[in-house]
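Trainee: I would like to go through the labels used for this model and ask what stands behind each one.
Mentor: Go ahead, and we will set each value against its cut-off.

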Amino acid sequence: MCLFLEFYEREKPIPPEEYVRVDHQSLKEWVRNVYVGLGVLEEHAEVVADVLVTADLMGISSHGVQRVGRYVGGIKKGTINLRPKIRVIRDYGATALVDGDNGLGHPVAFYAVRVAVEKAEKYGIGFVLVRNSHHFGVAGYYPLKVAEQGFIGVTASNSVPLVAYTNTVVRYLGTNPIAVAIPRKNSPPILFGGATSVVPVGKIEVYSKMGKKIPPGWAIDNKGRILAGDAKEVLKAIRERRAALLPLGGLGEEHGGHKGSGIALLVDIFSGVLSGAAWGWHVRHTISDRPANVGHTIAAINIEAFIEPNEFFERLEKMVNEIKSLKKHSEAEHIWIPGEKAWLTMQTRLKIGIPIHRNVLNELERISREVGVPFTVKIIKEIA
């Protein structure tokens, strides 16, 4: 609790001229209403809204409500099936293959989570691949849902090609995120999640909307030059296929760029090639003339299949405590375990609201007008 209070008090002040704080419940309700207004099934719209707002609560604004327009655009384009028949098409003991029927990726992946958990309860592990899906938002949401059931959750997904494979200069791989959630005796669960590129393209999208500059090392153009500066210009170059994101580790092999490329490739083999979904440059964007055919990998691991849960939790806490007791770098404030920052940020924002950049808020209001749904997001005027 002390750590939470310290984090709560020290959250970086939000410049009033750039941001407003909004109530998370009204934000979630508004997102849900937007998609219902477009014809999405109510239960599916609820999942999409929860995924997007959870990302903002966790401080992952690149995958939060600034992505509402992406899915609205896909729906208007006609490539997203508003009422998909999500189903298991191959069932082989502890494994399953799910067909998303071109539905929104969020409810498709959530369906796969339920299948994986059911299999983990029965077989000790549930391993589910998904095809014919779309972008599913922040990857960490889904293993957290597995961890809520007391199991270890693993998620990976391919995505539209944005990343240059090591020693190449063109977009081929997606940002292909991986996320793992491990339950603990007490909150928060361990949560590791991240793109296999240096940054997700959503971060450049956020920088573009905020009018910020990006540092060198995130992107490369088709001539092999490292890009930096105006995020709007870099994003435009990426979208026009004149540039690409760099893999985790950066350019070349000196700092491990080949490792980032290798991990992204493995994600694409499992989520794309093995599942029957698209892979590499065959994956389409949400706003395209054809369905994206994104593939996901969802796994649930039953701790009890390997060790008594209480013993596991005790051993895990000993490991965490050992890490926390290590000699700290002189310039470091805390030794963080994966997931702690996101959890503390969420607890803070549940109390004082979610900071939304005014440019993003203006975009949401524009979407409201276009869809014909009242803009009911409650702006918190005073930050307590």
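Trainee: What makes α7 oblique to α8?
Mentor: In this predicted model, the axes of α7 (residues 201-210) and α8 (residues 231-239) cross at roughly 135 degrees and come within 8 Å. Angles over 145 count as roughly antiparallel and 65 to 115 as roughly perpendicular, with the rest oblique; therefore α7 is oblique to α8. The crossing is left-handed.

Trainee: Which residues of α7 and α8 meet?
Mentor: From α7 they are Val201, Ile204, Glu205, Tyr207 and Ser208, and from α8 they are Ala231, Lys232, Leu235, Ile238 and Arg239. As for the spacing, an α-helix has 3.6 residues a turn, so residues three or four places apart point the same way.

Trainee: Why is α3 called largely enclosed by the rest of the structure?
Mentor: A residue is buried when its relative accessible area is under 20%. In α3, 13 of the 16 residues are buried, so the helix is largely enclosed. Helix α3 covers residues 42-57 and spans 22 Å from its first C-alpha to its last, close to the 22 Å expected. After α3 comes Gly59, with a positive phi near 90 degrees.

Trainee: How do you know that α4 is mostly covered?
Mentor: Of the 10 residues in α4 (residues 68-77), 7 are buried. They are Val68, Arg70, Tyr71, Val72, Gly73, Gly74 and Ile75. The elements that cover them include α2, α3, α5 (105-123) and α12.

Trainee: Why is Asp99 called buried?
Mentor: Its relative accessibility is 8%, and buried means under 20%, so Asp99 counts as buried. Asp99 lies in strand β3 (residues 95-99). Leaving aside neighbours within four places in sequence, Asp99 is in contact with Lys85, Ile86, Arg87, Ile89, Arg131 and Asn132.

Trainee: What makes the approach of Asp99 to Asp101 a polar contact?
Mentor: The side chain of Asp99 reaches the backbone nitrogen of Asp101 at 2.8 Å. The cut-off for a pair of N or O atoms is 3.5 Å, and the distance of 2.8 Å is within it.

Trainee: Where else is phi positive in a residue other than glycine?
Mentor: At Asn176, where phi is near 35 degrees. Asn176 is in the loop between β7 (171-173) and β8. At 0% relative accessibility, Asn176 counts as buried.

Trainee: How do you know that the bond from Ser187 to Pro188 is cis?
Mentor: Its omega is near 0 degrees. Most peptide bonds are trans. Pro188 is in the loop between β8 (178-182) and β9.

Trainee: Why does Gly193 count as partly exposed?
Mentor: Partly exposed runs between the buried limit of 20% and the exposed limit of 50%, and at 48% Gly193 therefore counts as partly exposed. Gly193 is in strand β9 (residues 190-194). Not counting residues up to four places away in sequence, Gly193 touches Ile178 and Ala179.

Trainee: What makes His134 buried, and which backbone oxygen lies 3.3 Å from its side chain?
Mentor: At 1% relative accessibility, His134 counts as buried. The backbone oxygen is that of Thr79, 3.3 Å from a polar atom of the His134 side chain. His134 is in the loop between β4 and α6 (141-147), and its contacts beyond four places in sequence include Thr79, Ile80, Asn102, Thr286 and His296.

Notes:
Residues are numbered from 1 along each chain as its sequence is written. This is a predicted model: local features need pLDDT of at least 70, side-chain atom pairs count only at pLDDT 80 or more; totals for chains, interfaces and linings use all residues. Side-chain values use heavy atoms; hydrogens and water are left out. Helices (H or I, at least four residues) and strands (E, at least two) are DSSP runs, numbered from the N terminus. The expected span of a helix is 1.5 Å times one less than its number of residues. Buried means under 20% relative accessible area, exposed over 50%, partly exposed in between (1.4 Å probe, protein chains only). A polar contact is a pair of N or O atoms within 3.5 Å; within protein, one must be able to donate a hydrogen and the other to accept it, and residues adjacent in sequence count only if both atoms are side-chain atoms. Contact means heavy atoms within 4.5 Å. Axes are lines fitted to C-alpha atoms, for helices over the stretch in contact, and angles run from 0 to 180 degrees between N-to-C directions. Angles under 35 degrees count as roughly parallel, over 145 as roughly antiparallel, 65 to 115 as roughly perpendicular and the rest as oblique. A crossing is left-handed if the near helix is turned anticlockwise from the far one by less than a right angle, and right-handed if clockwise.
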